[in-house]
Amino acid sequence: MTTDAPTQPVAKFATQQSAASAWMANASDLASWVSTYFVNRSDVFGRYYYASLETVSPGDQIPVKQRTVHGELTQEVIQRHFRAWDASNLIGVHCVSPEDACRWFEIDIDQHTFGNNEIAWRNLYAARRWYVRLHDLGFEPLLWHSNGKGGFRLNVRFAEPLVCREARNFGLWAVQDWKDFGLPSIPEVFPKQASIHETEMGVGNFVRLPGRHPKRRWYPEVFDGSCWLRGEEAVRYILSLSAQPTSFVPHEATNYAPAKRRKPNRVGTGFYTPNVFCGEGVVARAAAILSDWRLPDIGDRNATLFRAGCVIGERLPISSEDHLTALSDFNVRFEEPLSNAEVSSVARSSFDRTEASRGRIVYSPAVVEEILPPDDGLIVGLEEYRRILATKYDALLGRPGLYLDMTPVGIGKTHQGARLAGSCESSLHVIPTHQTKDDLVGKLVTVGSIAVERVAAFPERTSENCRKMEQAAQHYKFGIVVPSALCSTCEFQTDCPHVSERQRAEAAPHTVGTMARMEGGSLARVGANRGLIRIDEDSLNLLRPTVKTSISAVRRFTLAVEAAIDFERRITDADVSACVPFLVKMKASCEEIAAAAERADADEAIPVEDGLPIPKMLEFVLKKGFDLSGLESKTGDLAAAKKVLVGLVSGELRRCVIQVWTDDSKGREEAVVGVWQTELPVDKNGSLNTTVLLSDATADSTLLRRVLGKELIDITPAVTVRRQRRVVQVPLDVKRSTTSGSFLKILRGLLLAFPDKRRVGVISHRPHVQAIADLGATLRARIVKFSYFGSGEDRASNEWLEEGLDLLLVVGTPRISPADIRTRMIQFGVEAHAPARSEWKKRYWRGRTETGEFVDVVTRCYDDPTWQQTYEYDVQATLNQALGRARSILSEGMDAVVVTCEPLQLPLYDESLIEASDVVEEALDLFAKPSFSQDALNWQVLAEQLHLKQRTAKALLNELLCLGIVVKEKKGKYRLHKNWSSISILTYASENATSAPQPQSLI
């Protein structure tokens, strides 16, 4: 089991049974791994044991003690450690050999106070930073969550022994910035001495091996650089680790001499201030601070108590419990004290406010709470990131397996993939749509240095390469496979450009194809025996494609099947007649699905059995059935129904589920969902025989592992690239149902807020994109490109950068409906763990502006965590892909503004966005006209030209002045601001040109 970086380091899991089984089952392999990399000496080892019962009071837990055992450390002893059910068989290995050398060093970041989440989060933050630091040196650190309550161990192994003193110096060098993370003390570094000759017994200290915790049934979580692994995956990852040469150790690290330790400062330093005051002492200090406060009137008690809570929170490093105690004591002084519930509520609000002012991001009420800022790891420049990424890609050559690269959009994953393909004899590249096909082919030739004749792409069917394009379009409407139903009987087949291009692509050593082309068995067939398969973005929808259609479409499809059966009975052709058994079973499946939907009160799975082989002429016969039945498929529902039924009867489906739900406005609705599993090329033993690379910036590694059921190795560099362009979030909620007028007000406000941006791109909801045509001439002329969510141009497209834009506006939240969330959960295979419905409720979160101020934001979320995680997967992936069009990590990229209430961990826009009405825009157009731009205007001219009342015209001029659109001159006259003058010239110089795109072209 895996999880992304844990939301809370003090983890409480329902059971550790599966984890225990994994460690015990692999005890032999783990013992061999320990002997290879961990054992410095085999004549002594550490042993854990239980204290004598005579020393324990009745009802107390039996203490666990430890001692050094002088005896042989055998494989059997180590195996018993990993098979241990209690502490009596747990052991540790000594840090230093008799020759005063070490094969590893280990950092122990302690957390012995259960429930102290603040210390636990600091430990996690420090551990991950130190992991990245050591990983970037070339080591393979082992970071594991050691005790289940916020303690961590970090181990680094050497290929050859290192002098004890140098090993300890290296460890101290690695943690030299421990104060910056607000840790209460420096972590323990093993070995603890510069030489074992400094110890009394001459053997030094021992360190407990990974495995069961001595005092509780806790088995470690292991960090693999991107996510936390548990159970079998954690064990497999540990066994994959090796030792690295000592030449990787920096020279300054081996000679590092830490400053002499002084008495620790009780106030604390670093990002956080430790809670060094506690209990009665801090409560007394709080009482002293509030002793001189004037008691308020009855109506001001809440406000006074809140201010008191903020004051003591700011002045004292106080815990939440002591904070509540101090306010409760203060409340008693009121003539009519508040109730305990009211005091608790005020205490929580004031405590959250003061904690946020210390640098935390706090979400309240307690839907989500982030105590640490986002962990971006080490921040590097673009060229350094590309160098690291190139090294990762080079290591994939000749290593069959499944790999994941979640490098951010714009870094150059496609460039690196093309370069890697040039080192392979053959490769297959899968892209979302045909839009980037030519660009990728060009990179394979130029970057990969592959001869042009060795590269080919599957063609898009158009009227230029298909003489029966109109008939093909009719086939597509019903989901009919054109090559099987149309091309096989086409009189132009022998000299068809589309057929020849398709055949050339299949035979080419280096092939480019779309995801629609590679679904099902095509990926395994086309990708067989190729050195590299690279899947570009949206990998989950390719590897587990899902189709949903209504039950009414299934009932209508039954008519086409019946017509096809009647057609077959009139034809004597043997190939056509061979379709009868398949169609009969298809009809029975349609009736079974319809009956199951009628009786179902909740989602119900339809069993998928071993199916019938798909007949050669099935697509041809089904098209005849559609023609004879007179059915029309305007929305693609019949095409989806046909695909699901063919998959169910043939046994190609992985899952088939009836969906039943009740919509508040539409009532009861029913649908059927079919889920496939795209096969990957494997050998006769079922193992991958090629390198499969998933290049997906918005992927979820945990989800992909669950869906694929295969080992997935994350090669994403454990560093963050520095943004070179500004990206900011405006926390407004623009839904698909938001009126066009409200959308245009926000869009005008954004354009007015950035007057220096002359070439602007917009991505929004489809209805809002159409409304852009209603903008006035001055503002509309600045928008040179736009698209909508789901168009294809909002992701995997470089055209935005090629247009030379200087600002990208992503306006809106691309939410998905509850029914679509249920469909996603079926695709992920998690719907059984979630309720049929989930409450859609308010969510409060607090973000930080570009200048460091805190802003409270209200949005919406689902009450059930599975629903919310599924919702966030789609929404945040769509928003991040849209933002990726700005290429903000590149110097030639553009600034970006995203308007949404979803928490994206972006800096918030510092100022309040003014939602400008159409009257403001009309005034701007008036000032920009050549006939007025040279003259200063007053309110009378404005009122006359725009047909406004005197009071309205004066208020409008004042608003234009506040917006910085006009400047005031003498005698109450106003002139266009210089920032807008050049825009007016540009707009009206080309007034009759077609520079402004037309939204209708996208529809």
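Which residues in α13 meet which residues in α14?

**Entry 1: the model.** I worked from a predicted model, in which local features need pLDDT of at least 70, side-chain atom pairs count only at pLDDT 80 or more, and totals for chains, interfaces and linings use all residues. Residues are numbered from 1 along each chain as its sequence is written, and side-chain values use heavy atoms, with hydrogens and water left out.

**Entry 2: α13 and α14.** I looked up the contact (heavy atoms within 4.5 Å). Thr-414, Ala-418 and Ala-421 in α13 meet Leu-440, Lys-443 and Leu-444 in α14. By class, this contact has 4 nonpolar, 1 polar and 1 charged residues. Here Ala, Val, Leu, Ile, Met, Phe, Trp, Tyr, Cys and Pro count as nonpolar, Asp, Glu, Lys and Arg as charged, and the others, Gly among them, as polar.

I then noted the geometry. Helices are DSSP runs (H or I, at least four residues), numbered from the N terminus. Axes are lines fitted to C-alpha atoms over the stretch in contact, and angles run from 0 to 180 degrees between N-to-C directions. Helix α13 (residues 413-421) packs against helix α14 (residues 437-446) at an angle of about 50°, and their axes are 8 Å apart.

**Entry 3: α2 and α3.** I found that the axes of helix α2 (residues 27-37) and helix α3 (residues 75-82) come within 8 Å and cross at roughly 125°. In α2, Ala-27, Ser-28, Leu-30, Ala-31, Ser-32, Val-34 and Ser-35 meet Gln-75, Ile-78, Gln-79 and Phe-82 of α3.

Methods: Helices (H or I, at least four residues) and strands (E, at least two) are DSSP runs, numbered from the N terminus.
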